[in-house]
Structure formats: C-alpha cells, structure tokens
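Colleague: I would like to learn how to read the strands, loops and surface of this model. Please take the features in turn.

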Amino acid sequence: MELTAQGKNIPTYPIGNLFTQGECFADTIYITVDRYYDRWDLSECSFSIKGETESGEVITAALLFKPMETKLRVIWQVSDLFVKNAGRLMLELKASNVINGTVKCVVKYDMPPVYVKPALEGTNEVLPDTSEQIIGQVNKATADGIAEIRAEIDAFDLDSVNQRLDNMDAACETFLGRPEIIAVTQKEYDSSEHKNNSLYIIIKED
C-alpha cells in the first residue's frame, strides 16, 4: 500500500480500514516523503513510527527507507503489536538526526488516525487470529532453526579438522617410533631374550 506525504501531512485514508485485529506482518506500507525539508537532508535521519491505541498503549518501530534523488521511500512492515487491539489507532511518523547524543533535527508527520477492525470471535473454538498466530510462530521457529543449522554447517571448517587429524597422526607415529625403555636387573637382563629397538636400563637388585 502506498502513501504520499504532502509536506508534513500524510493522508491515511487508503489504510483507514485496512487492518484487522490479530494480524502479523500482513501489510507493508510504503510512505513517500520529500527528501529535503527546510535545510535538512532527511536521508541523514533515522525514521520511526509510533502508534497509540484507544487504551493508551504506545508502540514504536524503527523503519528502513530507500533514498531517491528528491524523495525518500519509507518502509513500514506492520507488526502484530500495532493491531493487537481493535479500535482507533493514532499514528505518527518521525525523522530524527542525533549525532553524539545531540539532537540535530526532528521532523514529525501528521497522520490521521486509522481503525483496526475487531477479529471475529466465536464460542467453543480457537479464534482464527490466535490459531494463525500459533501456526506462524511454529513456522518461524522451524525456519530459524533450519537457518541456524545451515549457518553452522557453512561455518564448519573441515580443512582445519583434517589438518588437526593429520597432526595427530604424525605425533602418534613419532611416539610409536621411539625406542621402548625397559628397566631390569643385571640378572634379569642376562636371563631374558632382548627386544629389538629397546633401551635396557640396569638397576640395582633389592
């Protein structure tokens, strides 16, 4: 869905009744604003959107944007937090430039409130929005798990492991190639059969 700012005013009638309670990232809103306002280049700013429900709950989300020559295209992926409650939803888009803790510029855009439609509710069954949320959470957890496994596989250094095994083989061969040291008395030495590649140490008898 596309919205276009007129100065610092953003008409929201295209999304006035777009949202339904319980949705989660169902809609992506693209908001086009002027890149330059007064003496400020807003491409140097950070963008965020704030929502306030009828019950006074406040939600804030950081937004990405794509710069163009004279415009900025701000991208708002509407999370479930903005449509958790049905009813009127106040919105405010903000551009801010803060450098080393000092606020250089803040521009706020007026957005008429939108309406979040209530989810359908029945009896003796799981609400559609709740079941869809659970399925979405399971799918996301599965996808995240697979991604982590693939990342670990990609990061696994097989060459390093092979090198360590080769070094261990070489160390074993060196150890095994050392002569065997045998401590015996003179009497035992004289009466026993001597092994090849062995070093005999004669010790005193008790």
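Modeller: Strands here are DSSP runs of E with at least two residues, numbered from the N terminus. The model is a predicted one.

Colleague: With that in hand, where does Phe-25 lie?

Modeller: Phe-25 is in the loop between β1 and β2, the latter spanning 28-34.

Colleague: What is the phi of Phe-25?

Modeller: As a general idea, most residues other than glycine have a negative phi. Phe-25 has a positive phi, near 55°, and is not a glycine.

Colleague: Which loop holds Asn-100, and is Asn-100 buried or exposed?

Modeller: Asn-100 sits in the loop between β8 and β9. Exposed means over 50% relative accessible area. Asn-100 has 79%, so it counts as exposed. Its phi is also positive, near 55°. The strands β8 and β9 form a hairpin with two residues between them, and this is where Asn-100 takes that phi.

Colleague: How many bridges join β8 to β9, and do the strands run parallel or antiparallel?

Modeller: Two strands are paired if DSSP finds at least two bridges between them. For β8 and β9 there are twelve, and the strands run antiparallel.

Colleague: How many bridges join strand β5 to strand β8?

Modeller: Eight bridges link β5 (residues 46-53) with β8 (residues 87-99), and this pair is antiparallel.

Colleague: In what order do the strands form the open sheet?

Modeller: The open sheet has seven strands, in the order β1-β2-β7-β6-β5-β8-β9, with mixed pairing. At its edges are β1 (2-4) and β9, each of which pairs on one side only. From one strand to the next, the twist averages 25°.

Colleague: Is Thr-185 buried or exposed, and which residues does Thr-185 touch?

Modeller: Buried means under 20% relative accessible area. Thr-185 has 12%, so it counts as buried. This residue is found in strand β10 (residues 180-185). Not counting residues up to four places away in sequence, Thr-185 touches Ile-202, Ile-203, Lys-204 and Glu-205.

Colleague: Ile-203 is one of those contacts. Which residues make the nonpolar surface patch of about 360 Å²?

Modeller: A residue needs over 30% relative accessible area to be part of a patch. In this model, Ile-181, Leu-199, Ile-201 and Ile-203 make up the nonpolar patch of about 360 Å². Strand β11 (residues 198-203) gives the largest share of the patch, three residues.

Colleague: Where does Leu-199 lie, and what is its relative accessible area?

Modeller: Leu-199 lies in strand β11. Leu-199 has a relative accessible area of 45%, so it is partly exposed.

Terms used:
Residues numbered from 1 in each chain as written. Predicted model: local features only at pLDDT ≥ 70, side-chain atom pairs only at ≥ 80, totals over all residues. Heavy atoms only, no water. Helix = DSSP H or I, 4+ residues; strand = E, 2+ residues; numbered from the N terminus. Buried < 20%, exposed > 50% of the residue type's maximum accessible area, 1.4 Å probe, protein only. Contact = heavy atoms within 4.5 Å. Axes fitted to C-alpha atoms, helices over the stretch in contact; angles between N-to-C directions. Patch = residues over 30% accessible without salt bridge, like charges linked within 9 Å, V, L, I, M, F, W, Y side chains within 5 Å. Areas by Shrake-Rupley, 256 points an atom, 1.4 Å probe, with all protein chains shown as cover. Salt bridge = Lys/Arg side-chain N within 4 Å of Asp/Glu carboxyl O.
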